[in-house]
Amino acid sequence: LPYWMLSADQLQWMRYDRRYRGFAFELQAEPGLPAVFSSAQVVQQVLMQLLSMVCDALAAHGDARAPLRLVLASEGESVSLAIESGALLDVTRDETLRSIMLARAALEPLAVQLAVGQEGAARGPLKLTVPIEGTPH
């Protein structure tokens, strides 16, 4: 699975959504990233859910013009994708917690990790880490 291509496609779909057209989406990818071992359908679904959650959080706080950056980087035997936005995710809300738990449940059988960076008041990047193709999991 070419993770960077899936990420670029997902951002294109986000731009088509009327709710998110005003957002400044950016993709930063290390050159030469290896393919990852995962289900494109599951990763794409979770990525769309997380991006929507972050966009909604930015819009709720009047930050819809803030840049939303996807950063892909190699990390040993995996590739990580961080969603950087500075969005304030209210992890005390049942809806937010449920979304994060559902995403983790969908990713767990694929050995994909989801980290929610909680710096201060639930601010920080969301990060998906996917094993490189051929890596045992």
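Which residue in β5 is the bridge partner of Ile 83? It is Leu 126. Keep in mind that this is a predicted model.

Let's start with those strands. Strand β3 covers residues 78-84, and strand β5 covers residues 126-131. They run antiparallel, and 6 bridges join them.

Now the whole sheet. It is open, with 5 strands and mixed pairing. The order is β1-β2-β3-β5-β4. Look at the edges: β1 (24-29) and β4 (113-116) stand there. Each has a single partner strand, so one side of each is left without a neighbour in the sheet. On average, neighbouring strands are turned by 15 degrees against each other, ignoring direction.

Next, the helices on this sheet. α2 lies across β1, β2, β3, β4 and β5. Its direction is about 170 degrees to β5. Helix α3, residues 94-107, lies across β4 and β5. To β4, α3 runs at about 155 degrees.

Then there is helix α1, residues 3-16. How do we describe two packed helices? We use the angle between their axes and the distance between the axes. For α1 and α2, the angle is about 45 degrees, and the axes are 10 Å apart. That makes α1 oblique to α2. The crossing is right-handed. By class, this contact has 11 nonpolar residues, 4 polar ones and no charged ones.

Is Ser 52 buried or exposed? It is buried, because its relative accessible area is 15%, and buried means under 20%. Leaving out residues up to four places away in sequence, Ser 52 touches Met 14 and Tyr 20. Met 14 is one of the α1 residues that meet α2.

How values were computed:
Residues are numbered from 1 along each chain as its sequence is written. This is a predicted model: local features need pLDDT of at least 70, side-chain atom pairs count only at pLDDT 80 or more; totals for chains, interfaces and linings use all residues. Side-chain values use heavy atoms; hydrogens and water are left out. Buried means under 20% relative accessible area, exposed over 50%, partly exposed in between (1.4 Å probe, protein chains only). Contact means heavy atoms within 4.5 Å. Axes are lines fitted to C-alpha atoms, for helices over the stretch in contact, and angles run from 0 to 180 degrees between N-to-C directions. Helices (H or I, at least four residues) and strands (E, at least two) are DSSP runs, numbered from the N terminus. Angles under 35 degrees count as roughly parallel, over 145 as roughly antiparallel, 65 to 115 as roughly perpendicular and the rest as oblique. A crossing is left-handed if the near helix is turned anticlockwise from the far one by less than a right angle, and right-handed if clockwise. Ala, Val, Leu, Ile, Met, Phe, Trp, Tyr, Cys and Pro count as nonpolar, Asp, Glu, Lys and Arg as charged, and the others, Gly among them, as polar. Two strands pair if DSSP finds at least two bridges between them.
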